[in-house]
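The structure is shown first.

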Amino acid sequence: MLRGAFIVIEGLDRSGKSTQAAMLVSRLEGANVPVKLQKFPDRTTPIGKMIDAYLRSESDLDDHTIHLLFSANRWELAAQLEETLKAGITVLCDRYAFSGIAFSASKGLPYEWCRAPDRSLPAPDLTIFLDIAPEKAMERGGYGDERYEKEEMQRKVRELFRRMEEEITKDTHGVVGAWTTIDASQDKEAVAQDIWQVVEPLTDGCSNVIRRLWQQ
Ligand code: 2DT
Ligand code: MG
């Protein structure tokens, strides 16, 4: 039996990730493709609750500490994620390790240090980066009041996503799976159509073994 595809959606706040993830789930279900949506951070676990308190500024944590908690939140769900894929179910993640690197590195932590704890996590088959200028994203009703939802930070985060895209495209960092950038400033139907174009080829499932992030 083929395993499910592992697809990640990444992007800035208000780039439309959650909307597009929901639309994609409906479209996959409509095509009889079993799919599970996984959000990172997953705020429901004990680690997730610590992350949630930090993001809502109810607690303060050292930058390294919160970075490791975000990574630990992926690790605690990694085995389950793999089991789901092996059961033939497609997994769609709303954010993954790339957000982990982009947001922490934008605060000044060394890029390589940020990448290290996520090494060996299941690698996505496809990462879809919904690209939008921070000022455009802000026009969509402004950012919320969580930590990180500030134009200056979003600008740095976008630069880091672009750095990752370049490295991944040049394959200088081992396994990360395919990366595709989509113009997220288009209307939501057009974005959904662009997404479907890259996702549809994966809907029959994958025959290759699940690879590991940043390993050969
Ligand atoms: P949401 O708005 O999508 O709930 O994200 N973040 C996310 C990190 O800093 N590191 C990570 O590893 C992940 C997954 C992005 C809440 C914020 O958390 C940031 C925005
Ligand atoms: Mg947010």
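## Strand β1 and its partners

Strands β1 and β4 pair in the parallel sense over five bridges; here two strands pair if DSSP finds at least two bridges between them. Within this pairing, G11 stands opposite L130 of β4. β1 is also joined to strand β3 (residues 90-94), by four bridges and again in parallel, and the bridge partner of F6 in β3 is V91. Strands (E, at least two residues) and helices (H or I, at least four) are DSSP runs, numbered from the N terminus.

Six of the six residues of β1 (residues 6-11) are buried, so the strand is largely enclosed by the rest of the structure. A residue is buried if 20 or more other C-beta atoms lie within 10 Å of its own, exposed if 12 or fewer, and partly exposed in between, with C-beta atoms placed from the backbone. In a regular strand, side chains alternate between the two faces of the sheet. Both faces of β1 are covered, with F6, V8 and E10 buried on one side and I7, I9 and G11 on the other.

## Basis of the model

This is a predicted model, in which local features need pLDDT of at least 70 and side-chain atom pairs count only at pLDDT 80 or more, while totals for chains, interfaces and linings use all residues. Residues are numbered from 1 along each chain as its sequence is written, and chains are lettered from A and ligands numbered from 1 in the order in which they are written.

## The whole sheet

The open sheet has five strands in the order β2-β3-β1-β4-β5, with parallel pairing. Its edge strands, β2 (35-39) and β5 (178-183), each pair on one side only. Strand β4 (residues 126-131) is joined to β5 by six bridges, also in parallel, and D131 stands opposite D183 in β5.

## Core and helix α4

The largest nonpolar core contains 43 residues, and L92, I128 and L130 have the most contacts inside it. Such a core is a set of buried Ala, Val, Leu, Ile, Met, Phe, Trp, Tyr and Cys residues joined through C-beta atoms within 7 Å. Helix α4 (residues 97-106) gives the most to this core, with six residues. Leaving aside neighbours within four places in sequence, I128 is in contact with I7, V8, I9, T180, I182, I195 and V198; contact requires C-beta atoms, placed from the backbone, within 7 Å.

10 of the 10 residues of α4 are buried, so this helix is largely enclosed by the rest of the structure. Its buried residues pack against β1, α3, α5 (111-115), β4 and α7 (151-170). Just after α4, G108 takes a positive phi of about 110°.

## Chain overall

The protein chain has eight helices and five strands, which run β-α-β-α-α-β-α-α-β-α-α-β-α from the N terminus. Buried residues make up 37% of its 216 residues. Among contacts between residues at least 6 apart in sequence, 81% join residues at least 24 apart.

The C-alpha atoms fill a box of roughly 45 × 35 × 35 Å along the principal axes.

Methods: Two residues are in contact if their C-beta atoms, placed from the backbone, lie within 7 Å.
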